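Subject: Structure for you to look at

Hello,

Here is the structure I said I would pass on. Please open it first; my notes on it follow below.

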Amino acid sequence: MKVDGKHFRSLWWNHDAGVLEIIDQRWLPHDMRIQQVGTMQDFANAIREMRVRGAPLIGATAAYGMALAMAENPSNDNIEKAWAFLEETRPTAINLRWALDRCRLHLQPINESERAQAALTLAHEIADEDVEINRNIGINGLEIIRDLAANKTTDEPVNILTHCNAGWLATVDWGTATSPMFHAHDAGINIHVWVDETRPRNQGALTAWELLSHGVPHTYITDNAGGHLMQHGMVDMVIVGTDRTTRTGDVCNKIGTYLKALAAKDNNVPFYVALPSPTIDWTVSDGITEIPIEQRNVDEITHIQGKTNSGTIESVQVSPDGSPAGNPAFDVTPKHLVTGLITERGVSAASAEGLADMFPEFQ
Ligand code: MRU
């Protein structure tokens with residue numbers, strides 16, 4: 001998508017330098033810093049420290065990490081070593097393991113002398129596929145928004161609420177939850193997006209920055225405002241992303257998503273999840289008991305980062321000295337709260353049958 005009129009993906013290969021470049025997202029929306037990821041430690045840090053973040057982007061980054069590992073040492077042992085080294089960087093987003101498994105399966109039968117090039121080609125393929133998947137999620141989600149717009153009796157916009165950042169920064173391009181929004185806006189449909197700030201890391205600020213850059217009307221709100229807005233008829237639909245969805249349709253996403261789904265259910269607001277197929281964990285049935293929830297550093301809770309009036313980016317302490325803090329980063333929304341899963345193939349029911357019909361090759 002565009003930043004100041006120039007098209008960017010969230011990562012790209014610098015052909016001249018032969019290195020991956022990323023946007024270091026820790027400084028957005030205030031400062032767009034670009035970083036080269038040149039060592040295996042750089043790759044681990046980029047994922048663990050959330051310089052890159054969002055399930056699909058983590059997966060694509062890991063594929064480039066595997067390409068670097070193969071350029072350094074294309075042995076079977078090093079495939080396993082790189083797999084384990086990268087896989088432990090973040091536990092919840094399944095796209096990380098999906099990408100590493102795909103790289104391993106692809107590389108094992110290939111001669112060592114050809115593995116470096118094969119791994120790089122595969123990383124490019126995974127990145128390009130992600131863009132195409134998200135574009136199709138946008139086309140499928142657009143139809144839902146079009147229907148809501150057609151049923152409006154006033155010239156009010158279709159009001160969409162989103163949580164966290166499932167935007168282009170969380171993927172290679174388009175985003176998942178944002179792709180229907182970008183498509184609807186580009187199709188001339190009058191939409192407005194309520195953007196949850198999403199404490200503790202305020203990924204909503206990234207979503208707001210993306211929507212602002214694309215000219216999509218939006219309002220930045222506290223995480224606690226959504227239920228109130230729904231009670232007053234100010235939300236027509238919710239669209240969120242996902243870090244891992246079970247084969248039965250339970251949705252794991254950024255902490256707070258579950259509370260939005262509960263409020264949506266109580267107010268008869270449709271709650272949709274934008275779901276790229278690499279985010280489905282076909283090995284898991286019960287999201288609440290089986291998906292590992294990342295527990296992040298409590299500094300993210302006790303402190304908050306922002307831009308000062310003088311323009312510097314600083315972190316300040318919010319909580320009292322000595323108060324213990326806790327920081328579960330994700331929660332699980334059970335399938336019965338989900339109206340539909342917007343996939344690249346179409347909109348599926350959040351159920352084992354719905355997903356099996358949509359993706360029969362994985363059964
Ligand atoms: O901790 P993050 O910022 O990586 O969490 C991101 C999310 O929860 C997104 O909603 C999810 O990955 C979907 S991104 C298309």
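Predicted model: local features only at pLDDT ≥ 70, side-chain atom pairs only at ≥ 80, totals over all residues.

Asn202 has a phi near 60°, which is positive although the residue is not a glycine. Its relative accessibility is 14%, so Asn202 counts as buried, the cut-off for buried being under 20%. The loop between β7 and α7 also holds Pro200, and the peptide bond from Arg199 to Pro200 is cis, with omega near 10°. For context, most residues other than glycine have a negative phi, and most peptide bonds are trans.

Leu28 and Pro29 are joined by a cis peptide bond with omega of about 5°, and Pro29 is in the loop between β4 (19-24) and β5 (33-37). Asn268 has a positive phi near 55° and is likewise not a glycine. Asn268 belongs to the loop between α9 (257-266) and β12 (271-274). With a relative accessibility of 73%, Asn268 counts as exposed.

Next, helix α7. How many of the eleven residues of α7 are buried? The helix covers residues 204-214, and eight of the eleven are buried. They are Gly204, Ala205, Leu206, Thr207, Ala208, Trp209, Glu210 and Leu211. The elements that cover them include β1 (2-3), β6 (158-162), α6 (178-186), β7 (191-196) and β8 (218-221). Just after the helix, Gly215 has a positive phi of about 80°.

Now the domains. The assignment for the chain gives domain 1 (2-129) and domain 2 (135-362). Their centres, taken over C-alpha atoms, are 24 Å apart. Domain 1 puts 34 residues into the contact and domain 2 puts in 35 residues.

The largest nonpolar core has 73 residues, and those with the most contacts inside it are Leu11, Met66, Ile145, Trp168, Ile191 and Ile239. Helix α5 (residues 112-150) contributes the most to this core, 13 residues. Both domain 1 and domain 2 give residues to the core, so it lies between them. Apart from this core there is another, of 26 residues, with Ala263, Val269, Leu355 and Phe359 among them. As background, nonpolar side chains tend to be buried together in soluble globular proteins.

Not counting residues up to four places away in sequence, Ile191 touches Ile145, Pro157, Val158, Ile160, Met181, Ala184, His185, Val216 and Pro217.

There are two helix pairs to report.

The axes of α1 and α2 are 9 Å apart and meet at an angle of about 170°. The two helices are therefore roughly antiparallel to each other. From α1 the contact uses Met40, Phe43 and Ile47, and from α2 it uses Ile58, Thr61, Ala62, Tyr64, Gly65, Leu68, Ala69 and Glu72. By class, the contact of α1 with α2 has eight nonpolar residues, two polar and one charged.

The axes of α3 (residues 76-87) and α4 (residues 94-107) come within 10 Å and cross at roughly 175°. That makes α3 roughly antiparallel to α4. The residues in contact are Ile79, Glu80, Trp83, Leu86 and Glu87 of α3, with Leu96, Arg97, Leu100, Asp101, Arg104 and Leu107 of α4. The contact of α3 with α4 divides into six nonpolar, no polar and five charged residues.

Arg48 is in helix α1 and, at 34% relative accessibility, counts as partly exposed. Leaving aside neighbours within four places in sequence, Arg48 is in contact with Glu88, Thr89, Arg90 and Arg296. Gly54 lies in the loop between α1 (40-48) and α2 (55-72). Is Gly54 buried or exposed? Gly54 is buried, with a relative accessible area of 11%. Gly54 and Asp243 are 189 residues apart in sequence, but their C-alpha atoms are 7.3 Å apart in space.

Regards

Methods:
Residues numbered from 1 in each chain as written. Heavy atoms only, no water. Buried < 20%, exposed > 50% of the residue type's maximum accessible area, 1.4 Å probe, protein only. Helix = DSSP H or I, 4+ residues; strand = E, 2+ residues; numbered from the N terminus. Contact = heavy atoms within 4.5 Å. Axes fitted to C-alpha atoms, helices over the stretch in contact; angles between N-to-C directions. Parallel < 35°, antiparallel > 145°, perpendicular 65-115°, else oblique. Nonpolar A, V, L, I, M, F, W, Y, C, P; charged D, E, K, R; others polar. Core = buried A, V, L, I, M, F, W, Y, C linked by side-chain atoms within 4.5 Å. Domains from an automatic or database assignment.
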